[in-house]
Amino acid sequence: MESRKNVCEHELRGYVVQLRDAIEQAKLNHVDPKPLLFIHHWPSNCCDAPYLFLWLYSQGYRQMQRRCADVREYGKGFDRHVWMVLDGISIDITADQFPGISEKVIVSRQSEWHDSLRLISEEPWALGGEDWLYQKHLEIETGESFRNCLLRYLLKR
């Protein structure tokens, strides 16, 4: 699939909301929790789950960046939080696990909350290449969960 040349924040938000809604529907309605890696405790400690990457990649988005920040101050039992950046747009589908964040998804060129965090690293989401990572995820359990469960909820829309 050809990479999208221009990233429209509004269109991107639509895809991200669609994914978050599908995850929530899967969490509520899917009878067999086994293939739903991460989803049973969504959104807590799920920021590094590959579903956002898989979904946006399948929609033609490329050159996604992975940002990681220190969140120990929130006392949630983990010390980092990960979100995606695409063409300067922060994308986060698990920020609402933290106190004071009510938005289920953040898709914004300026996110005060993300900007306030102490950045640990920023790197390409797929260090070995996006095509390689996409195929690799499809071969393992997270890919199975994405294909066999989440896509069902995404395609219902």
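## Exercises: a cavity and aromatic rings

The structure holds one cavity of 30 Å³ or more. The model is predicted: local features need pLDDT of at least 70, side-chain atom pairs count only at pLDDT 80 or more, and totals for chains, interfaces and linings use all residues. Residues are numbered from 1 along each chain as its sequence is written, and side-chain values use heavy atoms, leaving out hydrogens and water.

**Exercise 1.** Describe the largest cavity and its lining.

*Step 1.* A cavity is a set of points on a 1 Å grid over the protein atoms alone where a 1.4 Å probe fits but cannot get out, and lining residues have an atom within 4 Å of a point. Volume is the space filled by probe spheres set on the points, which are joined across faces, edges and corners.

*Step 2.* The largest cavity contains about 80 Å³ of space.

*Step 3.* Its lining has 14 residues; Cys-46, Cys-47, Ala-49, Leu-52 and Ile-93 lie nearest the centre.

**Exercise 2.** Why is the pair of Tyr-15 and Trp-55 edge-to-face?

*Step 1.* Rings of Phe, Tyr and Trp (its six-membered ring) pair if their centres lie within 6.5 Å; planes under 30 degrees apart are stacked, over 60 edge-to-face, and the rest tilted.

*Step 2.* This rule gives six aromatic pairs. The centres of Tyr-15 and Trp-55 are 6.2 Å apart and the planes stand at 75°, so this pair is edge-to-face.

*Step 3.* Ring pairs join Tyr-15, Trp-55 and Tyr-61 in a cluster.

**Exercise 3.** Is Trp-55 buried or exposed?

*Step 1.* With a 1.4 Å probe and protein chains only, buried means under 20% relative accessible area, exposed over 50%, and partly exposed in between.

*Step 2.* Trp-55 has 4%, so it is buried.

Key. 1 Å grid on protein atoms, 1.4 Å probe; cavity = no way out; pocket = protein on both sides within 12 Å on 5 of 7 lines; lining within 4 Å.
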